[in-house]
Amino acid sequence: MSAIEGLIGEFGRLPGIGRKTAQRLTYHLLKGRPEDASRLSAAIDRVVAEVRPCGECGNLSSEAPCEYCRNSRRDASQICVVEEASDIAAIEASGRFRGRYHVLGGHLSPLDGVGPDELNIAQLVQRLAGGITELIIATNPSVEGEATAAYLHRAVAPFTGLRVTRLARGLPVGGDLEYADGVTIAEAFSGRREM
C-alpha cells in the first residue's frame, strides 16, 4: 500500500468521513505547504499525549480536573449526565446550563456487550452522595439512550430529595447531541421533565 493510500485509509476511519472526503483531505495536505501538514501531525500527537478523562466527571481534558469541575461559579448541586464528552460542547453552546457534568462513556447496548459495568455509572452514584439536588439525564434520544436513562433513573432511586429530570423532546429521535444546534438544546433544557 502506498503512503497516499495509507493516509486515505486512516482519514476514512474517522466518523463521517467517506472515501471521497478522505481523498480530498489527503490531496489537500499534499498540495499544501509541508509545515501545514507538520502542524496537523504535531497537534494530533499533542492531543494523544496530553488529553485524558477528568478524574471527577470523565470529560476529556488536558488539565485535571477539567475546566467545568474546577470552575467554582458553576452550580455544584446540578449534574448533567451525557453519553460522550463531545456532548458537553453541544450543551455549552446552548448557554442554558451552568452546573457540572458527568460523562458515561457511551450508552447501554447489550448486543454490543456494553452493560452498566462498562459505563461510568458507579462513579456517578458516588458523586450523588455529595449534596447533589438535581440530576439531568441528557442521553441521546435513541433506543439505547432511553434504555440508559431508564437504568440511571432506577439506579439513583434510593437517593431521597434528588430531582431527576430528562431533557425534553426537542432533540430528534435517533440524533446525537453533538450535532444538535444550540437553540434546539436550549429548548430541550427549558422543557426538561421529571422522570
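This is a predicted model: local features need pLDDT of at least 70, side-chain atom pairs count only at pLDDT 80 or more; totals for chains, interfaces and linings use all residues.
Residues are numbered from 1 along each chain as its sequence is written, and side-chain values use heavy atoms, leaving out hydrogens and water.

Val81 sits in strand β3, residues 75-82 (helices, H or I of at least four residues, and strands, E of at least two, are DSSP runs numbered from the N terminus). The C-alpha atoms of Val81 and Val103 lie 6.0 Å apart, although 22 residues separate the two in sequence. Leaving aside residues up to four places away in sequence, the contacts of Val81 (heavy atoms within 4.5 Å) include His102, Leu104, Leu124 and Leu152.

The structure also holds eleven salt bridges (a side-chain nitrogen of Lys or Arg within 4 Å of a carboxyl oxygen of Asp or Glu). Arg46 pairs with Glu50, with the closest N and O atoms 3.0 Å apart. These two residues are four apart in helix α3, so about one helical turn separates Arg46 from Glu50. Arg46 is exposed at 53%, whereas Glu50 is partly exposed at 37%.

Arg13 and Glu10 form another salt bridge, at 3.1 Å between the closest N and O atoms. Arg13 is exposed, at 66%; Glu10 is partly exposed, at 45%. Salt bridges also link Arg33, Glu35, Asp36 and Arg39 in a network.

Definitions and conventions: Buried means under 20% relative accessible area, exposed over 50%, partly exposed in between (1.4 Å probe, protein chains only).
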